[in-house]
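Colleague: I have not looked at this one before. Can you walk me through it?

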Amino acid sequence: MSDIIKEVVDWIKKHRSFLITSHEAGDGDSIGSQIAMSFILEKMQKSSLILNKDPVPNTYKFLPGAERIKIQGDEGGIGAEYEAAIFLDCGSLERTGLSLPPVSSCLNIDHHLNNDRFCQLNWIDPYMSSTAEMVYLLADALSIPLEPALGSNLYTGILTDTGCFTYSNTTPRGLRIAAELIESGVDPSSIANQVYGRKSVAQLLLLGAALSSLTLTEDERIALILLKEEVFKKYETTQADAEGVVNYPLTIDSVEVSVLFKEISEDFFKVSFRSKGRVNVAAIAESFGGGGHHNAAGVKMRGSYSLIREQILDSICRQLANPLLSDRERYENNFE
Ligand code: 5GP
Ligand code: MN
């Protein structure tokens, strides 16, 4: 067991009641990791409460234990008593979107390179495919039995954060863990179908509208798509219904960076970036106040569409001309 995992194990053993949280607009990794952590604590006879800003998206409601995720305002929510807090997959306190009362002790488990290290104990490892992979290693260190309910949450986190084992964070260790989880009773085909095979008609129409808005730069290395607020309204959809849309332009041979602009309200956009190859979109998102990983990142930006589009294009073009270090190289330069 590594020193940091040992520290995490000791820290958990020291406390009795926990608040578990993650970033707003939860995804498969944040939601799976949080539920898995609450199962682990339960096995250790400890109490926990999962509190999030946003409800579980429909896609992830199938996860065993999804009902454990409470949102601010729910009964038993923010006012509940707890000794310690665990932040999962969450780069900064602000990313929770919650106003949390101070806690005396907190633990931060994350695989984002640009994590603020805002807790007393920070286990940050950008070599991990997902936070779920880290929670798996923790469960293993604690000798928690791998039951399918726990395993399905961990598997979903790894599956979704590696883009079905296709992104550059797909590693032998991540695949071995996935194999262990399948051996312990997780059904990979059922989970893939639950996550990727249950879209609504409205979601496909939204995808169609997004693809109709596709534009490419002259060299066809950058793809841009825009989903206006009125389109979400037209199909009675939410921002969460556009999950995965940003990946489609990357299937064009020449495209290295795909950018999706989702209009939240007038002059306010959620921008998602995906890249293949060397372009580090985390660095681009960070330069506008957001964050993420080398090949997947995001930020919320204020300003007119034409203005932020120009700023973003400029930033991507500069990187295409002068490639930056990879996440791994940045990590090695900064921390080792
Ligand atoms: P998505 O584009 O799917 O919303 O997010 C992709 C990745 O970018 C997420 O896993 C997360 O790491 C990061 N990310 C997305 N939006 C934000 C944001 O507003 N702030 C920060 N710091 N990271 C973000
Ligand atoms: Mn993650």
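Modeller: What follows covers the domains, the contact between them and the ligand. This is a predicted model, in which local features need pLDDT of at least 70, side-chain atom pairs count only at pLDDT 80 or more, and totals for chains, interfaces and linings use all residues. Residues are numbered from 1 along each chain as its sequence is written, chains are lettered from A and ligands numbered from 1 in the order in which they are written, and side-chain values use heavy atoms, with hydrogens and water left out.

Colleague: How is the protein chain divided?

Modeller: Into domain 1 (3-196) and domain 2 (201-321). Those bounds come from an automatic or database domain assignment. The C-alpha centres of the two domains lie 27 Å apart.

Colleague: What area do domain 1 and domain 2 bury between them?

Modeller: About 700 Å², with 38% of it on carbon and sulfur atoms. Buried area is the accessible area (1.4 Å probe) that two parts lose on being put together, summed over both. In domain 1, His112, Asn114 and Tyr167 lose the most area to domain 2, together 50% of what that side buries.

Colleague: How many salt bridges cross the interface of domain 1 and domain 2?

Modeller: The rule finds one; it asks for a side-chain nitrogen of Lys or Arg within 4 Å of a carboxyl oxygen of Asp or Glu.

Colleague: Switching to ligand 1, which residues come nearest?

Modeller: His112, Lys270, Ser272, Arg274 and Ala297, out of 15 residues around ligand 1; a residue counts if one of its heavy atoms lies within 4 Å.

Colleague: How far is an oxygen atom of ligand 1 from the side chain of histidine 112?

Modeller: An N or O atom of that side chain is 2.5 Å from the oxygen. For lysine 270, a side-chain N or O atom is 2.6 Å from an oxygen atom of ligand 1.

Colleague: What about glycine 291?

Modeller: There a backbone N or O atom lies 3.2 Å from a nitrogen atom of ligand 1.

Key. A polar contact is a pair of N or O atoms within 3.5 Å; within protein, one must be able to donate a hydrogen and the other to accept it, and residues adjacent in sequence count only if both atoms are side-chain atoms.
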